[in-house]
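Okay, thanks for making time.

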Amino acid sequence: DMILRAEGGIFNCAAQTFNHSFFWNSLSPNGGGEPSGPLADALNASFGDFESFKAEFSAVAGGHFGSGWAWLVANEDGSLAVVGTHDASNPVREGLGQPLLTVDVWEHAYYIDYRNDRGSYLSAVWNLVNWDFASSNYESCSSEGK
């Protein structure tokens, strides 16, 4: 509710708490690989195949100017999309779909390890993606629509 209604500093704090919590849940030391089940089917239906999804997500994340986030979202019709948001904003605030996973593309997320090489950071993130978390989010929003 705060993300949807607040402005200024309260919005920034509430949204960044949500975004960062969502980001940390989007990663796992046992992550990586490809999803399976309904999420994999939805990715294939929306993007053609996993590699095409991965390329689009990486392009949105890598090409994002400034501070922000790349998100995999589910639309109301069950299709998936990749969206970028700036600063503290997110798909909840902007009505861009139900968030399934996110990657932080603010410099603070990667500067210590990768300096200004966002591409190497994104390559490393693919080894940590928590597909169980994303699948659970997808299944939750899929069952809400039924």
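First, my cut-off for rings: Phe, Tyr and Trp (using its six-membered ring) pair if their centres lie within 6.5 Å, with planes under 30 degrees apart called stacked, over 60 edge-to-face, and the rest tilted. By that count, the structure holds 15 aromatic pairs. One of them is Phe22 with Trp71, a tilted pair at 5.8 Å centre to centre and 50° between the planes. Those two are 49 residues apart and link distant parts of the chain, with Phe22 in helix H2 (residues 8-25) and Trp71 in strand S1 (residues 68-74). Helices (H or I, at least four residues) and strands (E, at least two) are DSSP runs, numbered from the N terminus.

Quick housekeeping: this is a predicted model, where local features need pLDDT of at least 70 and side-chain atom pairs count only at pLDDT 80 or more, while totals for chains, interfaces and linings use all residues. Residues are numbered from 1 along each chain as its sequence is written, and side-chain values use heavy atoms, with hydrogens and water left out.

Back to that pair: are Phe22 and Trp71 buried or exposed? Phe22 is buried at 10% relative accessible area, and Trp71 is buried too, at 0%. Buried means under 20% relative accessible area, exposed over 50%, and partly exposed in between (1.4 Å probe, protein chains only). Both rings also belong to one aromatic cluster, along with Phe18, Phe23, Trp24, Trp69 and Phe133.

Now helix H3 (residues 37-47), where Leu39, Ala40, Ala42, Leu43 and Phe47 are buried. Looking down the axis of H3, those buried residues fall within an arc of 160°, so they line one face; the arc is taken from the directions from the helix axis to the C-beta atoms. Asp41 and Ala45 are exposed, on the face turned away from the buried side. After H3 comes Gly48, with a positive phi near 100°.

Last stop: Asp104, in strand S3. What Asp104 does have is a side-chain polar atom 2.9 Å from the backbone nitrogen of Trp106.

Key
A polar contact is a pair of N or O atoms within 3.5 Å; within protein, one must be able to donate a hydrogen and the other to accept it, and residues adjacent in sequence count only if both atoms are side-chain atoms.
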